[in-house]
Amino acid sequence: MPDNASAGARSLLAALCVGLLTCIGAHTARAGDCPGHPDALGTSRTLVVDPREHPRIGTMQYSETLPLRDHEVVLTFDDGPLPRNSDQVLRILASQCVKATFFTIGRMAQAYPEGVRKLVEAGHSVGTHSQNHPLTMNHMPIDAAKREIDGGIVSVRSALGDYGALAPFFRIPGLLRAEDVEEYLASQGIQIWSADFLADDWRHISSSRVFELAIKRLEQRGKGILLLHDIQARTVAALPRILNELKVRGYHIVHVVPATPQTPATPTDSQEWQLYPVSENVAISRWPKIPNFAFRDTEMLPAPAISELDWPRVQAMSLAEEDRGIPVRRGTRPGRLAWPGPMPLQTAETAATLPVPDHTVFQIREGLRAATRGLTAPHRAEQAGPADYQATSRQARNLPAIMSGKAGRSRVARVHQKPQSTHGRRGAIKHLVQVRKRSA
Ligand SMILES: [Zn+2]
């Protein structure tokens, strides 16, 4: 956006944030402090974050995530507002006095501006999710990406009017990140929210399955940011059970709001932003890069003769030490083995030479990649990473179809949900072995 417009928007944002925080303060409730709902889950605390200090969060894609304590959960809802389902989500959250963060689409905000105002009125945080929800932000020209980001902000802000503030939070459609997009958002002081886990509620699965996945994946992590969709009927159906289960299992809801000059960020340690802090005592293993060999034209080296190794002499020395009474524990080598002295190389008599490998020996063939992909596909489907999210959230492209409830089951979704047979996996393993044999 232009600088003057940006400055004006920032001052408006700062002014509106005061109102929003007042609103949040009035609506944030602890468990047992929810009028009319004594057994409500409630919102345990409000976390104030500075997007400029932590521009990217969510361990599905980034090294940092919200500094949550064990058993703390942040709920997020994407793609709304769609009154038919979003209003029900709001009622369910209100019945439990739970505050969440909504990532709204500009076009949806234009169609249902009152839906955006209801979010702020209820005390939730409202971020944006682009203007048209393109599932191409990972490769679209940066100017087009900027138009999507800025357009979404303008649309949602105009829907809010003087009603409340827009949080500088953004979720990339389909989680399809790109470095230039991330850099642009950071330059605007906007925080990118990935997620810590999903419940696959955009897929064609039952609401029971959404509930199961939400709880199962949360239990695996113990805390984190859950990504849901307030436009989905199955999410509406699953949400009461999810909230009840969170309460039963002792989880707490955290509401996240952006820092302002009046409300500084909650003091945190940088380590708290790492979901799995790296300990200095734990060795970090990294897969080494394949060295760039270029030895084809170099001189060949003579191979050492077997006689140069002098193993009999080494063995004789160790036995001699044992004879002298030096204790030698079973299964270990003697501690004072003398290293054999230097021996003259017999280069003149050595006929054998070792060939130097060509760099093509180290190339990974396409067939091996394909076999590896075949082996990991079921794991990826279960983990539901960004790639799966991208493929099966294609329905979000067709917002009118979703709104009218006519969105069909996509071909891609069927492909991802098709169970892979044992026979198929065996085939992949067999292929992998064959490729390795050929490489050798
Ligand atoms: Zn979305």
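Predicted model: local features only at pLDDT ≥ 70, side-chain atom pairs only at ≥ 80, totals over all residues.
## The chain as a whole

The chain has 440 residues, and 43% of them count as buried. Its secondary structure comes to 14 helices and 10 strands.

How do contacts relate to sequence here? Take contacts between residues at least 6 apart in sequence. Of these, 81% join residues at least 24 apart.

## Backbone details in the loops

Start with the loop between strand S3 (72-78) and H2, where Pro81 lies. The peptide bond from Gly80 to Pro81 is cis. Its omega is near 0°.

Next comes Cys97, in the loop between H2 and strand S4 (101-104). Cys97 is not a glycine, yet its phi is positive, at about 50°. Cys97 counts as buried because its relative accessibility is 11%, and the cut-off for buried is under 20%.

Ser130 sits in the loop between strand S5 (125-128) and H5. Ser130 also has a positive phi, near 85°, in a residue other than glycine. Its relative accessible area is 0%, so Ser130 is buried.

## Helices H2 and H8

Two packed helices are described by the angle between their axes and the distance between the axes. Begin with helix H2 (residues 83-95) and helix H8 (residues 233-248). Their axes come within 9 Å and cross at roughly 5°. H2 and H8 are therefore roughly parallel to each other; the cut-off for that label is an angle under 35 degrees.

Which residues meet? H2 supplies Asn85, Gln88, Val89, Ile92 and Leu93. H8 supplies Ala233, Val236, Leu239, Pro240 and Leu243. By class, this contact of H2 with H8 has eight nonpolar residues, two polar and no charged ones.

## Helices H7 and H8

H8 also packs with helix H7 (residues 207-221). The angle is about 40°, and the axes are 8 Å apart. H7 and H8 are therefore oblique to each other. The crossing of H7 past H8 is right-handed.

On the H7 side, the contact is made by Ser207, Ser208, Val210, Phe211, Ala214, Ile215 and Leu218. On the H8 side are Arg234, Ala237, Ala238, Arg241, Ile242, Glu245 and Leu246. By class, the contact of H7 with H8 has nine nonpolar, two polar and three charged residues.

## Helices H5 and H6

Now take helix H5 (residues 142-160) and helix H6 (residues 179-187). Their axes come within 10 Å and cross at roughly 45°. That angle makes H5 oblique to H6. H5 passes H6 in a right-handed crossing.

H5 brings Ile142, Ala145, Lys146, Ile149 and Asp150 to the contact. H6 brings Asp180, Val181, Tyr184 and Leu185. The residues of this contact divide into six nonpolar, no polar and three charged.

Ala40 is found in the loop between helix H1 (3-27) and strand S1 (45-49). Is Ala40 buried or exposed? Its relative accessible area is 2%, so Ala40 is buried. Ala40 and Leu243 are 203 residues apart in sequence. In space, they are 9.0 Å apart, C-alpha to C-alpha. Leu243 is one of the H8 residues that meet H2.

Leu47 lies in strand S1. Leu47 counts as buried, at 1% relative accessibility. What does Leu47 touch, leaving out residues up to four places away in sequence? The list is Leu66, Pro67, Leu68, Val254, His255, Val256, Val257 and Thr266. Val74 is 27 residues from Leu47 along the chain. The C-alpha atoms of Leu47 and Val74 are separated by 10.0 Å.

Definitions and conventions. Residues numbered from 1 in each chain as written. Heavy atoms only, no water. Axes fitted to C-alpha atoms, helices over the stretch in contact; angles between N-to-C directions. Helix = DSSP H or I, 4+ residues; strand = E, 2+ residues; numbered from the N terminus. Parallel < 35°, antiparallel > 145°, perpendicular 65-115°, else oblique. Contact = heavy atoms within 4.5 Å. Nonpolar A, V, L, I, M, F, W, Y, C, P; charged D, E, K, R; others polar. Left-handed = near helix turned anticlockwise from the far one by under 90°. Buried < 20%, exposed > 50% of the residue type's maximum accessible area, 1.4 Å probe, protein only.
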